[in-house]
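Work through the exercises below with the coordinates loaded. Each task is followed by a stepwise solution.

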Amino acid sequence: MVSFSTRGGTKLTQEQILFFEESYTKYYRMMVQTVLPIVGSRDIAEDIVADTFLILLAKINSVMEHEQPVKWLFRVLKNNAISEYRAQCRHAAAPLEESILRTAEPELIPFSGMLPKGLSASEQRILTLRLAEDMDYSTISEKLGISETACRSQYSRARRHCAELMERSDDNAGF
């Protein structure tokens, strides 16, 4: 049996290992695809995702207790990607001032632009509301004028369709 431990030497429980493995399996590809357009390199995108999962391991107890652990994971991913983007800009031939960079960040690439082609407008919208705008199901259901149960179902189907499209995209790209 494989034994996992944190940097401080604390051994992870079976529940923590399962949480980590499920998170990694479900979201790794989506996370790489999310940051790839921002950083422009698959290797760097994979490094950012790996760093995000290392942070998850370091804070696994608090993340497991977090109300929305997936949002926490994607927020850390977003912060890591922006940090990398800033580092790339600092190393560019013409450095950008911080104020210019701050203005440019929201215009980088909208979340919906990072989603794979083939998603319907409604799938893109519900994924964006849930993952990029950090809305809970009740807020989304009010915004879309649907029941919370329908909202959860639509989100689940959209997430599954997104994962299938990204998997096909990876298969066709030779990854």
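Contact here means heavy atoms within 4.5 Å. The model is predicted: local features need pLDDT of at least 70, side-chain atom pairs count only at pLDDT 80 or more, and totals for chains, interfaces and linings use all residues. Residues are numbered from 1 along each chain as its sequence is written, and side-chain values use heavy atoms, with hydrogens and water left out.

**Exercise 1.** List the residues that M31 touches, not counting residues up to four places away in sequence.

**Exercise 2.** Find how many residues the largest nonpolar core has.

Solution. Step 1: a nonpolar core is a set of buried (under 20% relative accessible area, 1.4 Å probe, protein chains only) Ala, Val, Leu, Ile, Met, Phe, Trp, Tyr and Cys residues joined through side-chain atoms within 4.5 Å. Step 2: the largest such core has 43 residues, and M31, V49, F53, L56 and L127 have the most contacts inside it. Step 3: its largest share, 11 residues, comes from α1; helices are DSSP runs (H or I, at least four residues) numbered from the N terminus.

**Exercise 3.** Classify the packing of α7 and α8 by angle.

Solution. Step 1: α7 (residues 121-132) and α8 (residues 137-144) pack at about 140°, with axes 10 Å apart. Axes are lines fitted to C-alpha atoms over the stretch in contact, and angles run from 0 to 180 degrees between N-to-C directions. Step 2: angles under 35 degrees count as roughly parallel, over 145 as roughly antiparallel, 65 to 115 as roughly perpendicular and the rest as oblique. Step 3: α7 and α8 are therefore oblique to each other.

Technical notes. Helix = DSSP H or I, 4+ residues; strand = E, 2+ residues; numbered from the N terminus. Buried < 20%, exposed > 50% of the residue type's maximum accessible area, 1.4 Å probe, protein only.
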